[in-house]
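Please look over the sequence and the structure before reading on.

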Amino acid sequence: MLLRIWAVVVKELRQLSRDRMTFGMIVMIPLVQLMLFGYAINTDARHLPAGLVNLSDSAYAPRIVAAMQASQVVDFKFNYASINEAEAAITKGEVKSVLYLPPDLAERLVRHPSASGGHYFAQPVGQWLVDGSDTVVAATIKTLRQMPLYDVMNLPPTHTVPSFEVVQYFNPEQRSVVNIVPGLLGVILTMTMVMFTSAAIVREREQGNMEFLITTPVRPMELMVGKIMPYVLVGLIQVTIVLGAGHLLFDVPFRGGIDSMALASLLFICASLTLGLVISTIAKTQLQSMQLTIFILLPSILLSGFMFPYEAMPVAAQWIAEALPATHFMRMSRAIVLRDAEVMDLSLDALWLLGFTAIGLLVASLRFSKRLD
Amino acid sequence: MSACLAIETHGMSREFAGVMAVDQVDLAIATGSIYGFLGPNGCGKSTSIRMLTGLLTPSAGEIKVLGDNLFGAEERIRRRIGYMTQKFSLYDNLSVLENLEFVARIYGLKRSERRSRLAELLSLYELAGREKQLAGSMSGGQKQRLALAAATLHRPELLFLDEPTSAVDPENRREFWERLFDLCDQGTTILVSTHYMDEAERCHGLAILERGIKRADGSPQQLMDAMNAQVVEVAGEDLRSLKQTLVKLPEVLSAAQIGSRLRVLVARKIADPLAWLKLQVGERDLFLVQPSLEDVFVTCTGGDRHVA
């Protein structure tokens, strides 16, 4: 039995070493994606294109505009003569937001609490018109709502004491890349691991190898285990690449133990590979297996907590997310890499991945019949 | 009796979406013989072989392979049979040696055993010196020899070959058959499917299949002797139009031009085919000739759809 598993492992490794394209992708996919997403994904928006409708002739207007610009949140690019024009520009997508300064700007400023310390007739000084369709953009503009105005009016700063202090653990500088790299690990592994094995059985079928293979004494479970094992190694190489490059390029800290991370990765790699095998026993062609891989990959990116916080999702979506191996790994890798957790602290997730692998192997072996009908 | 039968089937049938691919086929194939399935493409040869190797479940019928009921004993029987598929089914991106090593490990050959067996096969099938060549880059004949080496690596008692020579030239075909007779001589029973008459003629026993139905069964000589037609060749002018006239006669089973002669199959109920045909062909010359396997095939399958 071991000899037959070994036969399949050796065969797979030899085939893999001949396939330069795949071999290159093993290294290039994690590197390119890490660079791409590490630099591109940023949840704090900066330099949003903005417009200005200035109906005031007060000298404060340019100062307010300069202060806004200095916050780096917005870049004023266009001037509009009227609100109607500004609204049209937002609809066209020319700008994301427009600052409206009314004709009575100076009076409003004088009455404003930040200038006069509270006034009975206080009204907002101006208005931001925002394209609210993107919630990230809208939320960022909202932070400008409370912009202090003493600078603009050359008044001494008045300090207000916040109601609560917020202490930020693990990522004090609020860099999104710190959260993204361990998460990206889950996405990359899901993609490559499921993809490699989802084609494994179908390919043999399509290329006509299967008819010979199933007349040999090889057992389904031996074939499945043998097909998975070489890719476990591939997965571990990818983990090393992503975490190593993440540390070197993006200064992502690695706080947890290497052993915890290796164990968590191993569990996730095995779970993803068996998921691919199950797909491979369902799909009839390599194209179908690719489509099924995408079908798994999308929720693994969107529901696993990689993009959006798991806790913010509706309960039903959380159930779906729980079914995906990526969700559990996302939780584990972030905990280990960023919070120095150990696998033992995360035993539920670890056990879940282990169970997933065992059941997946069983299902794939049962589904794989040594027959052609 | 069944002890010396390698394959025995009763009413073996297989249906695909309402079409009978194999219909009530009875087989009794003696151990140590080379037995052929002869028939056009789509006649049920491959389907029959796949049922006999346990790859397809029959819709009906009984199958005994090497004395055992196939159903339920597939895994045990698979160790005793070899199967060479119609399409090359080893790995194109593995070398000759790597392919054979893979198969040897799958069959559980230990290292030393493996080494000696592979060396033996490489020299027997003239693959020595090509160990490192990728299987995908080899010629049809070389691929075929590699496939045969892989199928016989575990010294099977029963070997199935599905159209083994469809991708090789006549020279290689001759050599290939010599190898089959060597294997047969060592006691291997061989079942081979083909659509070549000359290959079918080499078999000890033969079944002619057409649209899933077994039309004839026996040794090539028996089949030729038992043919229900006599063969007359006509030489002379204007054979094309003569053919058109002859095939309309119910007594003529078939007429086909071969070079400058027209080969006419006359039903056996005509006692003197030469005299009878003389009336039809006028001034042309007539020769009574020995039937060939192709004649048997034509009369069995109604080759040109003119069966009375």
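At roughly what angle do the axes of helix α3 and helix α4 of chain B cross? In this predicted model, the axes of α3 (residues 96–106) and α4 (residues 111–124) of chain B cross at roughly 130 degrees and come within 11 Å. Angles over 145 degrees count as roughly antiparallel and those from 65 to 115 as roughly perpendicular; α3(B) and α4(B) are therefore oblique to each other. Their crossing is right-handed. On the α3(B) side, the contact is formed by B:Leu97, B:Leu100, B:Glu101 and B:Ala104, while α4(B) contributes B:Arg114, B:Arg117, B:Leu118 and B:Leu121.

Chain B is also divided into domains, with domain 1 comprising 1–80 + 195–226 and domain 2 comprising 227–301. The centres of these two domains of chain B, taken over C-alpha atoms, are separated by 32 Å. In their contact, 12 residues of domain 1 of chain B meet eight residues of domain 2 of chain B. On the side of domain 1 of chain B that touches domain 2, at least two residues come from each of α7 (197–202), β9 (205–210), β10 (213–218) and α8 (220–225).

The table gives the residue classes for both regions.

An unreviewed UniProt entry carries the annotation "domain: ABC transporter" for residues 7–236 of chain B. This span of chain B is 34% helix and 30% strand, and its end C-alpha atoms lie 48 Å apart.

How values were computed
Residues are numbered from 1 along each chain as its sequence is written. Chains are lettered from A and ligands numbered from 1 in the order in which they are written. This is a predicted model: local features need pLDDT of at least 70, side-chain atom pairs count only at pLDDT 80 or more; totals for chains, interfaces and linings use all residues. Domain bounds come from an automatic or database domain assignment. Two residues are in contact if their C-beta atoms, placed from the backbone, lie within 7 Å. Helices (H or I, at least four residues) and strands (E, at least two) are DSSP runs, numbered from the N terminus. UniProt positions are given in the numbering used here, feature names are shortened, and annotations may be inferred rather than shown by experiment. Axes are lines fitted to C-alpha atoms, for helices over the stretch in contact, and angles run from 0 to 180 degrees between N-to-C directions. Angles under 35 degrees count as roughly parallel, over 145 as roughly antiparallel, 65 to 115 as roughly perpendicular and the rest as oblique. A crossing is left-handed if the near helix is turned anticlockwise from the far one by less than a right angle, and right-handed if clockwise.
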